[in-house]
Structures are given as structure tokens and as C-alpha cells.
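I opened my notebook to get to know a new structure. My entries follow in the order in which I looked things up.

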Amino acid sequence: MLKARNEKHQKMHAAIFYGPNNITNEEIYCCSRYHYQNQKDIWKEGVILRVKACAVCGYDVRVYRDGHRKVTPPIILGHEICGETDKTITIGNGTRIKGGSRVAILSIVPCLNCRYCYNKQYNLCINLKEIGSSINGGFAEFVKVPEKTIKIGGLVPVPDNLSDEEAALLEPLSCCLNGFSRIGQIPKQSTALVIGDGPIGLLHLQLFKKLYNTKTIIVGKILQRIQKAKSMGADATMVLAHEDDDHNEQILDNVLECTGGIGADIVIIATSNPKALEMSTRVAARNSKINIFAGMSNTASFSLDPNLIHYNQISITGSFGATPTTLQQAARIVSDKQIDLSKIITHRYSLDNIQKAILATEKYYGLRSVINRFS
Ligand SMILES: [Zn+2]
Ligand SMILES: [Zn+2]
């Protein structure tokens with residue numbers, strides 16, 4: 001059995017991303033060149049986690065297929081992590097977490113020395129590094145959490161009533177909560193439209209229903225996911241067709257009809273297809289808010305009618321990542337059983353099968369795939 005201490009001389013299993021379509025499972029020294037590349041400064045301090053579970057995000061799939069400007073291979077991906085700390089740590093707000101405890105983390109490593117960091121907007125840091133993106137992540141037996149992440153409180157103890165897999169999903173849930181913070185007040189009688197039926201879309205659905213009791217419409221493409229949305233309390237669901245524009249126009253009419261012709265007061269774009277933005281402005285109510293939650297593919301294009309934004313006073317906002325506050329909030333509402341993350345986890349894999357997990361995510365099998373066995 002590997003131990004996390006004396007990491008320099010220890011080996012661990014890791015899935016190394018070498019470039020598009022190239023991930024290889026290897027046994028590497030914890031302190032190998034993979035750790036040192038571009039990350040010498042952050043390796044020195046912080047805490048090592050033995051990874052208990054790491055979920056596969058749509059972002060991991062996009063990086064695996066196309067690479068990403070933030071990602072310099074070779075590197076270990078994976079940023080939705082539940083791990084066990086090797087030592088007692090004190091996080092930003094003074095909370096002590098004993099060695100051997102489970103924690104969930106934010107993937108952000110801020111510089112603490114830019115105007116956004118001074119304003120505690122760490123996810124917007126100009127020199128931001130990200131675990132599982134620009135520094136090594138959780139598709140490995142161990143992951144290093146840099147001191148700066150601990151310092152800002154980007155790490156929470158996992159409530160006892162959560163499984164390792166559920167705890168890994170606290171990170172995406174905290175990102176959704178960050179999106180809600182961009183939307184602001186949600187008046188009673190509002191209608192929300194979530195475009196996207198993946199794990200993020202369905203997390204938004206749960207948040208709208210359980211925290212705000214908001215009438216929520218889900219628009220997606222995958223029948224099984226739409227079924228799941230219904231079982232989670234979606235008030236209306238609609239299925240887009242891949243190449244059928246007439247059908248998709250009809251969907252827009254249906255959304256309007258569903259809202260008494262007024263349109264949706266809040267629209268969440270939880271799909272990486274930028275056409276969703278164009279669609280959303282056509283079904284957004286006056287004074288509505290649209291949040292672009294998902295990252296988009298660089299090559300996709302779309303058009304937007306500025307008069308719709310102007311005359312209808314539509315606000316388009318974006319949200320990226322999460323904050324220590326939303327991570328803590330996520331842990332609290334899941335522990336209270338307001339939100340059920342277990343419904344989002346449908347596939348479990350060992351690290352040896354990382355490619356299968358990525359493929360399952362890409363092919364929209366189920367919802368979240370989680371790596372939960374590492375050696
Ligand atoms: Zn993610
Ligand atoms: Zn900064």
C-alpha cells in the first residue's frame with residue numbers, strides 16, 4: 001500500500017494526458033517531471049490527497065479530444081475530486097480538518113496578488129491555475145492541493161452522509177451555485193428554462209425546484225436524460241432534434257406556450273452549443289436573465305439579434321468556476337438532503353478504464369461517470 005508521505009520516492013498510478021486522443025495509464029513517481037512541469041512553485045507546499053473519487057466532466061472530454069489553451073501536456077486531468085488528506089490542515093476560515101478525513105476541493109489556485117484576488121473573486125484571478133487543467137488533477141492515486149487553495153477555504157470536509165462519488169460532485173454543484181449568484185433574486189412565479197439535459201442541466205433543475213420552487217422547463221437531446229429530468233420534477237421537458245430546424249422552431253413555440261406567451265424569466269445555458277444562446281434570446285421574457293454556464297467550443301458560431309436584448313431588457317451574464325462560499329453552501333445543502341447528487345452518478349470505473357469513462361461521457365451514456373478505483 002502506498003503512503004502519501006515521503007512522496008518523492010513513491011510511485012502512483014496516474015492517467016497522463018499527452019495530447020488530443022492520447023491518455024496513457026502509467027505508474028509514475030509522485031514527484032516526477034509531470035509534477036514539476038510548470039508547477040514547481042506550487043508543489044512545495046499544500047496537502048496531498050489520496051483520491052477517493054474523481055468525476056469525468058464535459059471539460060475533460062473536450063480537452064481529451066481537442067486539447068485546450070490552458071492545458072500543457074503531459075498532465076493529469078480531473079478536477080471534480082473527493083480525497084483523503086494526509087495531514088491535519090487548517091483552512092482559511094479557521095476550520096481544522098484532521099488527517100485521514102475526506103475533503104472536497106475547488107479546482108482553483110489563485111495568485112492572491114491581483115485585483116480580483118484582493119476582492120476575493122478568486123475564480124477570476126488573472127494568474128489563475130486550475131487543478132486538473134493547468135496543474136495536475138485527480139485522475140491519479142494522489143493529488144496535490146496547493147497552499148493557496150487551502151488558504152482561501154477552497155477545501156471543505158465531506159459530510160459523513162455523502163459517498164465519495166457524491167462528494168466529488170460538490171465541485172460542479174458549487175459551480176452551479178456560483179451561476180445562481182450571478183442571477184440574483186429569483187422572484188416568485190418565475191419560470192426557468194434550462195437548455196441542456198446533462199449532469200449540469202439536471203443539477204440546475206434540482207436547485208430551481210428544491211431551493212426556489214421555480215417552474216422549470218428542460219430542453220435537451222437525449223431521451224433517457226429527459227426521462228430522468230421528469231423524474232426529478234421538471235415541469236415540462238422538450239427534446240431537440242439534431243438536424244431538424246423545423247422541429248427545433250416548434251420547440252421554441254412550445255416554450256413560449258408553456259409560459260403563457262411571456263417567455264422564461266431565467267435561462268441557463270448548460271450545453272456547449274452556442275446556438276443555445278441565440279435560441280434563448282428568442283424565448284427569454286422581458287427583464288429576464290440568461291446565464292452562460294457552459295464553456296463553448298471555439299469553432300462554433302451563432303448570431304444574435306441585439307434588438308431582442310435591447311427592447312426586452314434581457315441581461316446576459318456568464319459564470320465560471322466556483323468560490324469557497326459556494327463550495328461550503330454545496331456541502332451544506334447536499335448534507336441536508338435538499339439536493340441528491342447520487343441521482344447524477346450513473347457509471348463507475350477504475351482508473352485503468354479512464355478512456356471508457358471519457359467515451360461514456362462523450363456519448364452521453366447516463367449522466368456523470370466517476371473514477372472510484374485507482375490501483
Ligand atoms: Zn467540471
Ligand atoms: Zn490573482
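Is I269 buried or exposed? I counted 26 C-beta neighbours inside 10 Å, so I269 is buried. (Buried takes 20 or more other C-beta atoms within 10 Å, exposed 12 or fewer, partly exposed lies in between, and C-beta atoms are placed from the backbone.)

A note on the source. I am reading a predicted model, where local features need pLDDT of at least 70, side-chain atom pairs count only at pLDDT 80 or more, and totals for chains, interfaces and linings use all residues. Residues are numbered from 1 along each chain as its sequence is written, while chains are lettered from A and ligands numbered from 1 in the order in which they are written.

Back to I269. I found I269 in strand β15, residues 264-269. (Contact puts the C-beta atoms, placed from the backbone, within 7 Å.) I195 lies 74 residues from I269 in sequence, yet their C-alpha atoms are 5.2 Å apart.Next, the whole protein. I noted 14 helices and 19 strands. Buried residues make up 47% of the 375 residues. Of the contacts between residues at least 6 apart in sequence, 69% join residues at least 24 apart. The C-alpha atoms fill a box of roughly 65 × 40 × 35 Å along the principal axes. The radius of gyration is 21 Å, which agrees with the value near 21 Å for a compact globule of 375 residues. (The radius is taken over C-alpha atoms, and the globule rule is 2.2 Å times the number of residues to the power 0.38.)

Then the domains. I read domain 1 as 7-168 + 340-370 and domain 2 as 174-318. (The bounds come from an automatic or database domain assignment.) Their centres, over C-alpha atoms, are 29 Å apart. Nine residues from domain 1 and eleven residues from domain 2 make the contact.

Last, a helix pair. How do α3 and α14 lie to each other? The axes of α3 (residues 58-66) and α14 (residues 354-362) come within 9 Å and cross at roughly 110°, so the two helices are roughly perpendicular. (Angles of 65 to 115 degrees count as roughly perpendicular, under 35 as roughly parallel, over 145 as roughly antiparallel, the rest as oblique.) G58, D60, V61 and Y64 of α3 meet I358, T361 and E362 of α14.

Notes: Axes fitted to C-alpha atoms, helices over the stretch in contact; angles between N-to-C directions. Helix = DSSP H or I, 4+ residues; strand = E, 2+ residues; numbered from the N terminus. Contact = placed C-beta atoms within 7 Å.
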